[in-house]
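Colleague: Could you walk me through the packing in this one? I would like to start with the terms and then go to the details.

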Amino acid sequence: MRISRRALAAAAAVVVVLPLSACGSGNDGGGSTDASGKVEGDITFQTWNLRANFKSYFEGLIAEFEKQYPGTDVKWIDQPAEGYADKISADAAGGTLPDVVNVSPDLVAPLAKAGLALDLDKAAGQYEKEYLEGAWAGHRIPGMSGTYAFPWYLNTGPLFYNKALFEKAGLDPDQPPKTYDELFADALQLAEKSDGEVATLANVPTIEDFGRYGVPLMNDEGTAFTFNDPKGVELLTKYKELYDAKALDPQALTATPESAGKKFLTEAVAMNPGSALDLGNFKKQAPNLYKNIGITDQITSTGHVNMYVMGVMVNSQTKQKPAAVAFAHFVTDAEHQMSFAKKVAIFPSTAGSLDDPYFTKEDGTDETRVRVAAAKSLKTAVNYTPVLFSEQMKTELRNAVARALQGKESPKDALDNAVKACDRLLQQQG
């Protein structure tokens, strides 16, 4: 159950917003990066499908901010989850983009390029040390200098595996694979011993999987993709071998995170990524699986697990810059991130927060074990998905992977063609 950006947003996503008195033109132009001055004025705070579950939390947050800064007034608006990216694009084009906006890195990139995202390195650089290094870097745009959103909440998760299926295949259920070589070898053995009935994985490789494998994904300038390098070809060739041996589920080409999760629940596949949220689901829907659940770390060749990151962006055109920056920082400071993390299974991006006993102390439950392990790995985690890698590009890569697995193109040709298609889309963005 891969944690997608949408799922992460559904778990908890906030958009901070202030009424735009002036239309934003496109260049950072537009405004000075000076956020000094008195914190005052009317602010609109927009959340992303959060009112139903977190109404009291945000009402309390707003009341606290207004008390700390007399003369401010925060109006809270909640947007539905569906169509959120389109809404941001339309507001940006129409000059009605809110003053403070909850974004993921891929959403902030076009806004930064259009000059609508405030450069926090210049406007609020004094706060950088409050956040994890990898989180602060999460909203930097290749080819541009600056950081374009405060880091907010993070997520990551372990690999779950089915000990009973491992044992049945003659594998040690207490020794799950720790490297890619071990993963591929175990997967082939599981497929062989089950006569192709049990696959190990239910998902084709995504851009983050190439990143974890150690494939360079983009050049430093952010002008071209590079995931067709020999290491990328090597990974896709390995997946082709798994697919041919039925060690990769035959329906992986069309799988969604939800369908892959169901395959794991019904014990048709032996391993699946997930989070602490999934354990309760296993216990309720698949008690036999829960009894045999194994929990291990994400497999990576780089030593760094993948991390999903959300942020809070300040519109560079706002006329309430001191209030906008102050509120964005307030939402994402250590105290408020910590209180939010205890209400939903996400993790704070602030330095030192992951050392809190809530994230370090075991209590014997699997849920806590997953939380503690994830928190530890997040300290050095990386958001492998390039900031400039759009939904269209993800589709191009997925289609290329499918062609390679089906034998319609060689892994090299498939990745070469995917890179060409993604580079074309990149030029259109620019």
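Modeller: A nonpolar core is a set of buried Ala, Val, Leu, Ile, Met, Phe, Trp, Tyr and Cys residues joined through side-chain atoms within 4.5 Å. Buried means under 20% relative accessible area, exposed over 50%, and partly exposed in between (1.4 Å probe, protein chains only). This is a predicted model, where local features need pLDDT of at least 70, side-chain atom pairs count only at pLDDT 80 or more, and totals for chains, interfaces and linings use all residues. Residues are numbered from 1 along each chain as its sequence is written, and side-chain values use heavy atoms, leaving out hydrogens and water.

Colleague: Which residues have the most contacts inside the largest nonpolar core?

Modeller: That core has 124 residues. The residues with the most contacts inside the core are Phe58 and Phe227.

Colleague: Where do the buried residues of H12 lie around the helix?

Modeller: In H12 (residues 276-285), the buried residues are Asp278, Leu279 and Phe282. Their directions from the helix axis to the C-beta atoms fall within an arc of 110°, so they line one face of the helix.

Colleague: And which residues of H12 are exposed?

Modeller: Look at the other side of H12. The exposed residues there are Leu277, Lys284 and Gln285.

Colleague: Which residue stands opposite Phe160?

Modeller: Strands S5 and S7 run antiparallel and are joined by four bridges, and two strands pair if DSSP finds at least two bridges between them. In S7, the residue opposite Phe160 is Ile295.

Notes: Helix = DSSP H or I, 4+ residues; strand = E, 2+ residues; numbered from the N terminus.
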